[in-house]
Amino acid sequence: MGTCTTRLVTSACHRAQSRCRGSPGRAMATLLGANRSGNGGWRRTPERQTTHCSASLKEPPPRGASTSLTKEQLETDIVVIGSGIGGLCAAALLARYGFRVTVCESHYAAGGAAHGFEAQGYSFDAGPSFYAGLSGPATTTNPLKQVLDAVGQSVECVQYKQWVVYTPGGDFPCICDADAYAANIRRMGGVEAERQWHALQARMAPLQAGAALLPAAAIRGDLGIAMTAGARYGPGLIKAGLVANQLTGPFSAVVDQVVTDPWLKTFLDLECFILSGMTAKDTIAAEMAFMFSERNSGHSTIDYPKGGSKAIVAALIRGIEKHGGCVLLRTHVDSIVVEGGRAAGVRLRPKGGSGGQGGPAAGMVLRARKAVVSNASVWDTLKLLPQGAVPEAYRSEGMDTPRTGSFIHLHLGIDAAGLPPDLDIHHLVVNRWGEIEVAGNEPYELWEGLKRGTPEYAALKEERSQCLWQALERIIPDVRQRTEVKLVGTPLTHERYLRRYKGTYGPAISASTGSFPGAGTPLPGLYRCGDSCQPGIGVPAAAASGMIAANTLAPVWSHWQLLDALGL
C-alpha cells in the first residue's frame, strides 16, 4: 500500500495552500465540520457535526450569485470562465478597476474546489481547509486578504494555533510559532536535526526578505510592471535581485546546503508536499519563503472562516457585485469565441447539451469587449479554443504539461455526542516515510473508464477509502459507528464537478526544470489565472494569479492607485 499521508480535518477549517493527501491516493478525510462556535467549542445541532465534500447538482444556488442573464449582460467588458478562487479574485479586482465583469460558472455553486454545499442535514466543504492571514493586520502579505481588502469585504474568523502530526516515530502538535516548531523538531528528530533546522532558517532569512520586497499585488504581465514594481519598489528590488535565482529555483537547492539529517529532510519533503503536491526538489523556494515568513512573524494564527470556504466565496461575490459585476451559475462555457484573431467572448453550452446545466443563457454567445480570462486549468482552457486559435506548438506544450495525480476525499457526518470539546481540527497521518508523492496521489488511471453509480465503482470507492477510515480511527476509534452520512469523492468526482482534467490536483511543474506560465497567452484578448499559472498551486497562489491577471488588464495608473489604497 505504501506510505499513507492523510490529513484529517475535524472542523470545517479551510486549507489555503492545499488539499490533504492519503494513501493509496491523495486524500482528505473530513469529519465533524462547519459548525464551530466563536469560543472554539463545538456547536451541536443536535449532536451533529458536519464535513467536506464535492456535491451533487441538486441544490439551489447560494445567495449572492446571479441566476439570470439580462440582455445587457450578453455584452460585457470581460468574461471570466470559472469561479474558483483565482477567477473570483480576478473578477473582483477587475470590477473594482471599473470594468463590467461577468463570471460564468458551470456548477450550481460558486467557488470551484472551495465551494460548499448542504446534504442530508449537514453542511459540507470541498477542498481547502487551512487558511492563514485572513484576519491579520491591515497591511498583509496574503494575496487573498489583499483582494478582500481592495473590494471592501472581510470574513469573520476563529483563530487557532496548531495541528497534530502522526508519524512512525511518534505524534506531536505542529504549533504556529517559531520556537515551538523548533522544539518539536528537536523532540522528534534530535539535537542535530534542530541545529540544521536553525541553519536552514538562517539561509531562508534573505529569501524571506527578498520575497517580501515585491508584493503579488504589484505584479502585472506587461511592460507596466516597470512602473508598478520597478519604480515603486526599485531599491528593494535590487536586494531581491540578489536572491532571485534562489527564489525561483527548487527549495531543495537551499535545503541541501545545510540539511543532511534524514528525518528533517523527509519532514521538509512532507511540508512541501502538503503545500504544492510536490517534494522539495520540485517546489519553488519562493512558496516556502512565504510559509517561513508567516510562521516566524510572531503574530501568525491559523484562521477558521466562520461558515467555511463558502464565507470566503460569498465575500468575493459581494465584492464583485458591489462594483457592478455578476456571477452566473449553471452557465457552462462550451467554447471561446475567436473573431478577428482575438478572443471575443464565449459560447455557452446549449440546453440539454452533454453535461450542461441548462443555465439562464444556455446556447447564447456572451461577448467580451476587452478580454476573456480563463480560470480553468491549462488542459481545459485549451480544449475550449477552436483549432488554429493558438500556435500548435503552444497547444501541444500546454496539453503535455505534467500533472499531479488526483485524490480521494472521505466526507462524514457523524454523531458527536461525547467527543472531547477541544478535539483538534487538523490531523496529518503518515503511516510510513518514503515515496510521499507516490503514496499521496490517487492515480486517475485506476478509475478511467468506470461508470459512476455501478457496483464496480462503489466497490473501488470502498476499497480506496479504507486507509482514511483507518487513519480516522486513530483519532476517533468508534467513528464508523458514529457515521450518519458517508460521501466518497474520487478522481471522477473531481473531473465531473470541479472540471479538473483527469481529476488532477494541478500541474506538476518542477521548479528545478521550469516555471509556471504568466497570465498572457498567444491569443490576443485571452488571459489565464488559477493554479496553472504563476505563482502556482494553493489558495494564496491562486488568489495572486487572479490579481496578476486583473492588474495586467488595468491601466497602470489605476494599478498604482490600488497599491496606494492597500498601503503597499
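In the predicted model, R499 is partly exposed, with a relative accessible area of 31%. This value lies between the 20% limit for buried residues and the 50% limit for exposed ones. R499 is not a glycine, yet its phi is positive, at about 55 degrees. The residue sits in the loop between helix 17 (491-497) and strand 20.

K502 is found in the loop between helix 17 and strand 20 as well. Its phi is also positive, near 50 degrees, and K502 is a residue other than glycine. The relative accessibility of K502 is 22%. K502 therefore counts as partly exposed, because the buried class requires a value under 20%.

A further backbone feature occurs at P535. The peptide bond that joins Q534 and P535 is cis. Its omega is about 5 degrees. P535 lies in the loop that runs between strand 20 (526-528) and helix 18 (539-553).

The protein chain as a whole was also described. Its secondary structure comprises 19 helices and 20 strands. The chain has 568 residues, and 60% of them count as buried. Contacts were considered between residues at least 6 apart in sequence. Of these contacts, 74% join residues at least 24 apart. The accessible surface of the chain comes to about 20800 Å². Carbon and sulfur atoms account for 54% of that surface.

How values were computed:
Residues numbered from 1 in each chain as written. Predicted model: local features only at pLDDT ≥ 70, side-chain atom pairs only at ≥ 80, totals over all residues. Heavy atoms only, no water. Helix = DSSP H or I, 4+ residues; strand = E, 2+ residues; numbered from the N terminus. Buried < 20%, exposed > 50% of the residue type's maximum accessible area, 1.4 Å probe, protein only. Contact = heavy atoms within 4.5 Å. Areas by Shrake-Rupley, 256 points an atom, 1.4 Å probe, with all protein chains shown as cover.
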